[in-house]
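Here is a short tour of one protein chain, written to be read with the model open beside it. Take a moment to look it over, and then follow along.

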Amino acid sequence: MARDHSARLSAAEGRKFGLTVGAAFLVLAAISFWRGHRIPVFVLGAIGTLLVLSALMIPRQLGPVERAWMRLAEAISKVTTPIFMGVVYFLVLTPVAAGLRLVGHRALQHQPVDGSYWRHRPAGQRTGDITRQF
């Protein structure tokens, strides 16, 4: 992770965390209200309001909440990341590779030229790509 979560939050960090996550909970509460769900509106609205008010009044005290939130996010990512990568591999990369093979493209197979796999270059171009590498 980019930041050590054992340290106390500064006022700016606590305010940023509380306002961002609180606003997200309030948006979820509004979506629940719009869809006609009554109980989630109160729960999500209460959490969002509590976080926003805490961010405005006592932002330094949100350290334990932010650490718990980040631990939850890390645990969720350990499940969702492999699933997402598997979906990308099997639903994107595999069909593309199968399509390329159907049209005869073999990315890892090289054909020898004059019985050799070496690339022949004219004398003036042999050192041109290594003289100024950076």
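## Contacts and overall layout

Among contacts in the chain (heavy atoms within 4.5 Å) between residues at least 6 apart in sequence, 65% join residues at least 24 apart. Please keep in mind that this is a predicted model, in which local features need pLDDT of at least 70, side-chain atom pairs count only at pLDDT 80 or more, and totals for chains, interfaces and linings use all residues. Residues are numbered from 1 along each chain as its sequence is written, and side-chain values use heavy atoms, with hydrogens and water left out.

The chain has three helices and zero strands, in the order α-α-α along the sequence. Helices (H or I, at least four residues) and strands (E, at least two) are DSSP runs, numbered from the N terminus.

## Surface and burial

The accessible surface of the chain is about 11,100 Å², and 67% of that belongs to carbon and sulfur atoms. Areas come from the Shrake-Rupley method with a 1.4 Å probe, and for residues only the protein chains shown count as cover.

Of the 134 residues in the chain, 18% are buried. Here buried means under 20% relative accessible area, exposed over 50%, and partly exposed in between (1.4 Å probe, protein chains only).

## The largest nonpolar core

Leu9, Phe17, Val21, Phe25, Ala29, Leu44, Leu51, Ala55 and Leu62 form the largest nonpolar core, nine residues in total. Such a core is a set of buried Ala, Val, Leu, Ile, Met, Phe, Trp, Tyr and Cys residues joined through side-chain atoms within 4.5 Å. Helix H1 (11–34) and helix H2 (39–57) each supply at least two residues of this core, and H1 gives the most, with four.

Setting aside neighbours within four places in sequence, Leu51 is in contact with Phe17, Gly18, Val21, Gly22, Phe25, Leu62 and Val65.

## Helix H2

The end C-alpha atoms of H2 are 27 Å apart, which agrees with the 27 Å that its 19 residues should span at 1.5 Å a residue; the expected span is 1.5 Å times one less than the number of residues. The buried residues in H2 are Val41, Leu44, Gly45, Gly48, Leu51, Val52, Ser54 and Ala55, and what covers them includes H1 and H3.

Met57 also sits in H2, but this residue is exposed, with a relative accessible area of 64%. Its C-alpha atom is separated by 8.8 Å from that of Arg15, 42 residues apart along the chain.

## Aromatic pairs

How many aromatic pairs does a search of the whole structure find? The search finds two. Rings of Phe, Tyr and Trp (its six-membered ring) pair if their centres lie within 6.5 Å; planes under 30 degrees apart count as stacked, over 60 as edge-to-face and the rest as tilted. Phe25 and Trp69 form an edge-to-face pair, 5.8 Å centre to centre with 65° between the planes. This pair links distant parts of the chain, with Phe25 in helix H1 and Trp69 in helix H3 (residues 63–102), 44 residues apart. Phe25 counts as buried at 15% relative accessibility, whereas Trp69 is partly exposed at 35%.

Tyr89 and Phe90 also pair edge-to-face, at 5.0 Å centre to centre and 85° between the planes. Tyr89 is partly exposed, with a relative accessible area of 47%, while Phe90 is exposed at 56%.

## After H3

Asp114 lies in the segment after H3. Phi of Asp114 is near 55°, a positive value in a residue other than glycine. At 73% relative accessibility, Asp114 counts as exposed.
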